[in-house]
Amino acid sequence: MYDTKTGKEFVLPDIRGLRYGVCGKKPRNTPTYTSEHFKSTKGLQLPGAAALNTAALRLPGQTGAGCVLLVSNLSEETVTPDALFTLFGVYGDVQRVKILFNKKDTALIQMSEPQQAYLAQTHLDKVKLFGKQIRVMPSKHQGVQMPKEGQPDAGLTKDYSASPLHRFKKPGSKNYQNIYAPSATLHLSNIPPTVGEEEIKAAFAEAGFDVKAFKFFPKDHKMALIQLDSVDEAIVALIKMHNFQLSDASHLRVSFSKSTI
């Protein structure tokens, strides 16, 4: 838990599902980049494709950092483990999510790598999620355990270690070249050739989103940009529309874009 008056983190007595230790696996040997590579907070620009021979990055000053993030000021009525998994999954592979049983505006999110936790904190701290400005900071805990049998949880702790929706599980994933801060423009991919602009716009509208602009990539109609009314709306749209079924064999992939339409 986070005390906003003292700035210190503390643990409630009944939270027995946490443990200190490693991030569930040995960290990979990853290249080190200087601060010159990370001057812009709007996107993560790598020196080149040759640097992507690993599924993680070592950022300046992040040696020994943990994989668990403490997220507070969440909307108790709206937030779910799945929503946090999808949003934080833009910046790394989420392993587990625990919304605290007796303080449901606070959650612990375990990423695969410390570097991914750093990226998520950098891009998501102080953004608005479901109408509330969330706070994201490192947790002292190094891992999150599933609740023990008989321990009250109400489905607030979920394990995503085997999820097929991880974006960075492949070594050298090109997704590391396309990490950007939340924006009103979303990047859509995995669009089947049978699905056109009107169908995609209708799917977003049916989910409650006001589409301001849409554009297919000129040379690749598997990808498109869609612009919504605000950054706040785009964040919720990403959560709701990522993995949306477009056809029998195709599910939409959604991420934030640095571009505008």
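Guide: Buried means under 20% relative accessible area, exposed means over 50%, and partly exposed is in between (1.4 Å probe, protein chains only). We're looking at a predicted model, where local features need pLDDT of at least 70 and side-chain atom pairs count only at pLDDT 80 or more, while totals for chains, interfaces and linings use all residues. Residues are numbered from 1 along each chain as its sequence is written, and side-chain values use heavy atoms, with hydrogens and water left out.

Visitor: What relative accessibility does Lys212 have?

Guide: Start with its partner: Lys212 forms a salt bridge (a side-chain nitrogen of Lys or Arg within 4 Å of a carboxyl oxygen of Asp or Glu) with Asp210, the closest N and O atoms being 3.0 Å apart. Asp210 is partly exposed at 38%. Lys212 counts as partly exposed as well, since its relative accessibility is 47%.

Visitor: Which residue in S11 stands opposite Lys98?

Guide: Two strands pair if DSSP finds at least two bridges between them. S5 pairs antiparallel with strand S6 (residues 107-111) over five bridges, and there Lys98 faces Leu108. S5 is also joined to S11 by three bridges, again antiparallel. On the S11 side, the residue opposite Lys98 is Thr157.

Visitor: How many of the six residues of S5 are buried?

Guide: S5 has strand partners in S6 and S11. It is mostly covered, and of its six residues the number buried is five.

Visitor: Which residues are linked with Glu197 in a network of salt bridges?

Guide: Helix H3 (residues 197-206) holds both Lys201 and Glu198, three residues apart, about one turn of the helix. Their side chains meet at 3.9 Å, N to O, with Lys201 partly exposed at 25% and Glu198 exposed at 55%. In the network, Glu197 is linked with Glu198 and Lys201.

Visitor: Which residues is Ser75 in contact with, leaving aside its neighbours within four places in sequence?

Guide: Ser75 sits in the loop between strand S4 (68-72) and helix H1 (81-88), and it is buried at 6%. Contact means heavy atoms within 4.5 Å. With those neighbours left aside, the contacts of Ser75 are Phe130 and Lys132.

Visitor: What volume does the largest cavity have?

Guide: A cavity is a set of points on a 1 Å grid over the protein atoms alone where a 1.4 Å probe fits but cannot get out, and lining residues have an atom within 4 Å of a point. Points are joined across faces, edges and corners, and the volume is the space filled by probe spheres set on them. There are two cavities of 30 Å³ or more. The largest, whose lining includes Phe85, Leu165, Arg167 and His242, has a volume of about 40 Å³.

Technical notes. Helix = DSSP H or I, 4+ residues; strand = E, 2+ residues; numbered from the N terminus. 1 Å grid on protein atoms, 1.4 Å probe; cavity = no way out; pocket = protein on both sides within 12 Å on 5 of 7 lines; lining within 4 Å.
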